[in-house]
Amino acid sequence: MTAGDPVVTFAARSLEPYRGFPQFVKAAAQVAAQIPEAQFVIAGGDGVSYGHQSGKGSELRNRLVAETGLPQDRTHFLGRVPHQNLIQLFQVSAAHVYLTYPFVLSWSFLEAMACEAPVIASNTAPVQEVIRHKRNGTLVDFWDTNALAEEICSALIDPKSRFDMRRAARRTAVERFELSGCTLRLQSMLQKVSKSRARTSTPAKISEQTRQPAVERGLA
């Protein structure tokens, strides 16, 4: 597989409902039926990292593939892969799907943006804080597998239409999430907090009159 091939990618620590894996498989099966040359490359371990574990780790994956009819000869489960391999995967992606419940954002999602992968993501928090629809990626309803399939097909059929969004996605990743920039912003925030606490913890000055016992001031 090389850049320019109709490669659809999905990556998560674990292939679980929290990260929309069932929705992805259902949408991928629709895409496979419409675009026979499409390939689906999925990185992530079986089991659960964040949600509730029910049954063996591979049961969900096997059941979804069987129920949807996702072509096994065009679907490649890589398991968890080294970082460098994940970067190479994003670099050949023609449509990268990222879905999540309202939950912490995955670092792999930001890596995909930095690699200029065409991002199709769920319209959920905190994704909404990063993706601006049709500017640096596209957003779809988390539960709407039909809309997700349509968006993936659009990316595969007309990749040139995503060129500006891909460039914008990388700019977003670099400008907002590049390590040195994040470190400087964190240092600045900590300095402000430290100064604020220093001001509020300074003991108030007590006048000489207040220090005097009440009897001496004639108040008793």
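Let me start with a definition: buried means under 20% relative accessible area, exposed means over 50%, and partly exposed is in between, with a 1.4 Å probe and protein chains only. This is a predicted model, so local features need pLDDT of at least 70, side-chain atom pairs count only at pLDDT 80 or more, and totals for chains, interfaces and linings use all residues. Residues are numbered from 1 along each chain as its sequence is written, and side-chain values use heavy atoms, with hydrogens and water left out.

First, helix 4. Helices (H or I, at least four residues) and strands (E, at least two) are DSSP runs, numbered from the N terminus. Helix 4 covers residues 107–114. Its buried residues are Ser108, Phe109, Leu110, Ala112 and Met113. What do they pack against? Strand 1 (7–14), helix 3 (83–92), strand 4 (95–98), strand 5 and helix 6. Just after helix 4 comes glutamate 116, with a positive phi of about 65°.

Now take helix 6, residues 163–177. Helix 4 packs with helix 6 at an angle of about 125°, and their axes are 7 Å apart. Axes here are lines fitted to C-alpha atoms, for helices over the stretch in contact, and angles run from 0 to 180 degrees between N-to-C directions. The two helices are therefore oblique to each other. On the scale used, angles under 35 degrees count as roughly parallel, over 145 as roughly antiparallel, 65 to 115 as roughly perpendicular, and the rest as oblique. Which residues meet? From helix 4, Leu110, Met113 and Ala114. From helix 6, Ala169, Arg170, Thr172, Ala173 and Phe177. Contact means heavy atoms within 4.5 Å.

Next, charges. The structure holds five salt bridges. A salt bridge is a side-chain nitrogen of Lys or Arg within 4 Å of a carboxyl oxygen of Asp or Glu.

One of them pairs glutamate 67 with arginine 63, the closest N and O atoms being 3.5 Å apart. Both sit in helix 2 (residues 57–68), and because they are four residues apart, about one helical turn separates them. An α-helix has 3.6 residues a turn, so residues three or four places apart point the same way. Glutamate 67 is exposed at 54% relative accessible area. Arginine 63 is partly exposed at 42%.

Now glutamate 151, in helix 5. Is glutamate 151 buried or exposed? At 13% relative accessibility, glutamate 151 counts as buried. Leaving out residues up to four places away in sequence, glutamate 151 touches Ile120, Lys134, Thr138, Val140 and Arg162.

Glutamate 151 bridges to lysine 134, with the closest N and O atoms 3.7 Å apart. Lysine 134 lies in the loop between strand 5 (119–122) and strand 6 (138–140) and glutamate 151 in helix 5 (residues 145–157), so the pair ties together parts 17 residues apart in sequence. Lysine 134 is partly exposed at 48%.

Glutamate 151 also bridges to arginine 162, and there the closest N and O atoms are 2.6 Å apart. Arginine 162 lies in the loop between helix 5 and helix 6, 11 residues from glutamate 151. Glutamate 151 and arginine 162 are both buried. Through shared partners, salt bridges join Lys134, Glu151 and Arg162 into one network.

Last, the surface. Leu186, Met189, Leu190 and Val193 form a nonpolar patch with about 360 Å² of accessible area together. Patches are made of residues with over 30% relative accessible area and no salt bridge, with like charges joined within 9 Å and nonpolar side chains (Val, Leu, Ile, Met, Phe, Trp, Tyr) within 5 Å. Accessible areas come from the Shrake-Rupley method with a 1.4 Å probe; for residues, only the protein chains shown count as cover. Valine 193 belongs to helix 7 (residues 179–201). Valine 193 is partly exposed at 37% relative accessible area.
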